[in-house]
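This briefing is meant for a reader who is new to the structure shown below. It begins with the aromatic rings and then turns to the chain as a whole.

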Amino acid sequence: MKLVMNICLFISIQFFISPAHALSCYGLKDDFFIKCHGRACSGEFRAKEVHSFGACARRVIVEPVPEGVIAVLAVQVKNATSSDMENGVYQVSLVHRFYGSLPETASELTEAFKGEGLRVPKINVEKIDSRADLHVIKSGWETQETQQLLRAILYWTIEVSILLGGLFVIVKTFRRFRRSVTSYFDKSAKRLNIAGPLLLQAALFLTTFFLSFASPTGLLLISLVVRRSQEPSA
């Protein structure tokens, strides 16, 4: 029972702290918040997803809107909606392809619209309710940025800890593995059954393979408990 609980706890922790993953590596979202008055528009802030360590992982960064980008977005909004942006606050959303760098200048953004750097539809425009507080919206994004950064730090702290723990277990249990294997060939030695632990370890590996790159070493920690439970007492 303890073994099952340990396995469930290990998998749950990995699910909780792992950065967002997707099998197809969905593109990186790029949200621009723009305030328009008359024909003049100004950038309030930008909330963009950037690559994080891990398969398809990403996290949010909140930053000022780069200079010159508003003019490029205004043209693209007009092309997409056949109208200019009216007075109010807008959220202009893009989705960049996952593999590649995000545009940081007006010229790079222009090239992204001309090329294949954006997913279709290339632009999505949403007018924010006039009663909404833009400072509260920005604060929410900044909170999300902080939380995702802390989760990424925690994730890699546990990943490295698992790897170091796995290496420690490999060194400490080498003799145990050797005794288990040699017992099959030495008739005088007491035979130790390792088929069950090895099959369980393989099943656990297949189950948790996509949760963490350190899963194989993490499973060594679990298999140590299994091997001890399988060995006959002296």
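**Aromatic rings and overall fold**

Phe33, Phe45 and Trp141 form one aromatic cluster, where rings of Phe, Tyr and Trp (its six-membered ring) pair if their centres lie within 6.5 Å, and planes under 30 degrees apart count as stacked, over 60 as edge-to-face and the rest as tilted. This is a predicted model, in which local features need pLDDT of at least 70 and side-chain atom pairs count only at pLDDT 80 or more, while totals for chains, interfaces and linings use all residues. Residues are numbered from 1 along each chain as its sequence is written, and side-chain values use heavy atoms, with hydrogens and water left out.

Aromatic pairs
- By this rule there are 4 aromatic pairs.
- One of them joins Phe33 and Phe45, which are stacked with 4.3 Å from centre to centre and 15° between the planes.
- Because Phe33 lies in strand β1 (residues 28–37) and Phe45 in strand β2 (residues 40–51), this pair ties together parts that are 12 residues apart in sequence.
- Tyr155 and Trp156 form an edge-to-face pair, because their ring centres are 5.2 Å apart and their planes stand at 90°.

Burial
- Phe33 and Phe45 are both buried, which stands for under 20% relative accessible area, with exposed over 50% and partly exposed in between (1.4 Å probe, protein chains only).
- Tyr155 is buried at 2% relative accessibility, whereas Trp156, at 26%, is partly exposed.
- Of the 234 residues of the protein chain, 37% count as buried.

Chain
- The protein chain has 7 helices and 5 strands, taken as DSSP runs (helices H or I, at least four residues; strands E, at least two) numbered from the N terminus.
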